[in-house]
Amino acid sequence: ILTLTFKAQAGLAADFSYDPQAHHALARRAAGEGAVLLKNDGGLLPLAAGARIALIGRFARKPRYQGAGSSLMNPTHLDNLYDELAKLVSEDRLNYAPGYSGEGDTADETLIRQALDAAASADVAVVCAGLTDMYEIEGIDRAHMRLPAGHDALIQRLAAAHRNVVVVLSNGSPVEMPWADEVPAILEGYLGGQAGAGALADILTGRVNPSGKLAETFPYRLEDTPAQPYPGGPTRVEYREAIYVGYRYYDSAGVDVRFPFGHGLSYTSFEYRDLELTRAGEMVTASFKVKNTGAKAGSEVAQLYVRAVQAAVFRADKELRGFVKVALAPGEETAVSLTLGPRAFAFYDAGSSDWVVEPGDFEILVGASSRDIRLTGCLHLTTHHGTASPADPAKLAAYIHPSRERRFTQADFEALLGYSLPDEEAPHKGSYTINTPICEMRDSGIARLLYRIMIGQAKKMVAGSVGTPTGEMMRAMVQQMPLRTLSMVGGSLNLPKLEALLRIINGQVVAGLLAFMKAGSSQR
């Protein structure tokens with residue numbers, strides 16, 4: 001730590017300079033490689049030369065380009081899609097309409113009619129939609145996976161009226177898309193940063209061939225996700241899905257998804273062939289070839305998954321163990337090699353606190369996504385490391401054979417844990433601890449007063465930020481703050497005083513007052 005501190009001190013003492021334009025160009029390139037083309041029926045994208053474009057959606061002028069809270073940055077320059085498209089296709093081919101209000105929470109019929117009118121005379125309608133700042137705030141869980149109602153309504157109305165609709169999404173996490181089957185093209189831009197809009201313009205016009213792949217699964221709906229029930233409560237959250245997080249659940253349980261992990265389209269096509277597996281000691285090398293079989297230069301992210309054919313414990317259907325991105329000209333082919341060590345075939349055994357490698361057959365799967373496997377090979381391992389803890393297959397049936405028809409129940413979870421969960425009981429006077437959120441100490445007058453004081457202080461801190469992501473983040477922070485946090489914000493409330501205050505809140509008034517006075521005298 002001290003070495004790092006001294007390095008930082010030396011760095012801060014030196015003068016520095018940088019080229020903001022070069023950095024902006026790099027940000028544009030990074031955003032272009034990170035955007036994911038989810039759908040492109042009929043080759044609607046890239047936009048045809050000379051096409052008249054209806055650019056719909058307030059995000060086209062006022063982009064959602066970053067998150068709230070700790071991720072807030074002050075950009076040196078901020079692109080918007082309208083200006084960047086105008087530079088590439090000329091402004092006289094663009095017809096803009098906002099489509100939805102700034103909040104977007106309700107369908108605005110007037111704005112939707114304006115959008116329909118703008119699209120009526122266009123060859124293609126590009127709709128910029130996604131999640132607003134208020135839908136993704138640090139410290140506040142999303143209660144659903146829907147877009148704002150105004151965004152969904154706009155897309156559905158345009159899709160019903162126009163056959164060439166491109167949806168460009170700006171969001172930090174997966175969303176439900178009830179209109180996905182009704183539009184031919186969807187481009188996921190995520191939160192692309194200050195140059196993200198320029199990158200989207202590059203992809204829409206074909207200056208950049210999209211090559212991003214999903215690092216998460218897009219389910220059809222929230223109810224399809226394995227984290228159920230969530231958040232649970234009132235005093236605990238149960239992660240009953242165990243190892244079945246993301247694609248490991250959807251692929252193992254055979255759940256249909258909107259877009260699978262690793263998915264991402266290109267303006268060209270790729271062919272995989274000639275998978276070979278070679279061993280040198282404990283290392284395995286998977287070699288194969290990837291060829292650009294289309295007419296455009298492009299990049300492909302080839303992914304390698306490992307599947308244990310048999311295992312002493314439950315394992316996911318397949319596990320990503322390597323990937324590589326290759327850039328290829330039209331007709332070009334390249335050889336790819338990925339090396340797998342023992343950990344690529346291992347699983348973690350909680351009982352022995354060790355990684356276990358079992359001898360047996362493993363399938364090596366290579367493809368363009370977790371559900372687009374192009375090449376398959378088989379490997380038999382004789383090496384052995386560690387021993388899996390004994391388990392009862394009957395009791396763990398839900399995890400050994402996950403199914404979309406069955407949720408992981410509390411009984412299943414308890415069988416996995418190896419013990420029964422304690423009964424849930426809402427916090428009450430006499431049971432409060434130093435880690436109980438102050439807002440939950442409802443049957444204590446002292447705690448209620450303390451909470452009102454904290455809320456008042458929070459309002460002063462966010463004065464002028466009410467109804468903003470920062471204001472909501474601060475409000476949520478105060479609401480969720482445990483009693484112990486008050487010892488970290490300075491002032492005279494040290495930990496001994498808080499423990500004494502806790503005794504008063506729990507109804508031990510006399511003992512708490514004596515402890516409080518003692519803590520105060522010792523502090524002096």
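Hi everyone, two housekeeping notes. Residues are numbered from 1 along each chain as its sequence is written, and side-chain values use heavy atoms, leaving out hydrogens and water. Since this is a predicted model, local features need pLDDT of at least 70 and side-chain atom pairs count only at pLDDT 80 or more, while totals for chains, interfaces and linings use all residues.

Let's start with the open sheet. Six strands make it up, in the order β1-β6-β5-β4-β2-β3, with mixed pairing. Strands here are DSSP runs of E with at least two residues, helices are runs of H or I with at least four, and both are numbered from the N terminus. Two strands pair if DSSP finds at least two bridges between them.

Val126 has Val166 in β5 as its bridge partner. Helix α3 (residues 81–89) lies across β2 (53–56), β3 and β4, at about 170° to β3. For that angle, axes are lines fitted to C-alpha atoms, for helices over the stretch in contact (heavy atoms within 4.5 Å), and angles run from 0 to 180 degrees between N-to-C directions.

Now to β14 (residues 360–369). Is it mostly covered or mostly open? Mostly covered: eight of its 10 residues are buried, meaning under 20% relative accessible area, with exposed being over 50% and partly exposed in between (1.4 Å probe, protein chains only). Strand β9 (residues 298–308) runs antiparallel to β14, with six bridges, and Leu304 is partnered by Val366 in β14. β14 also pairs with β15 (residues 372–381), antiparallel over nine bridges, and a hairpin of two residues joins β14 to β15.

Last stop, the surface. Val509, Val510, Leu513, Leu514 and Met517 make a nonpolar patch of about 490 Å². Patch residues have over 30% relative accessible area and no salt bridge, and nonpolar side chains (Val, Leu, Ile, Met, Phe, Trp, Tyr) are joined within 5 Å, like charges within 9 Å. A salt bridge is a Lys or Arg side-chain nitrogen within 4 Å of an Asp or Glu carboxyl oxygen. Areas come from the Shrake-Rupley method with a 1.4 Å probe; for residues, only the protein chains shown count as cover. Met517 sits in helix α13 (residues 509–523) and is exposed at 54% relative accessible area.
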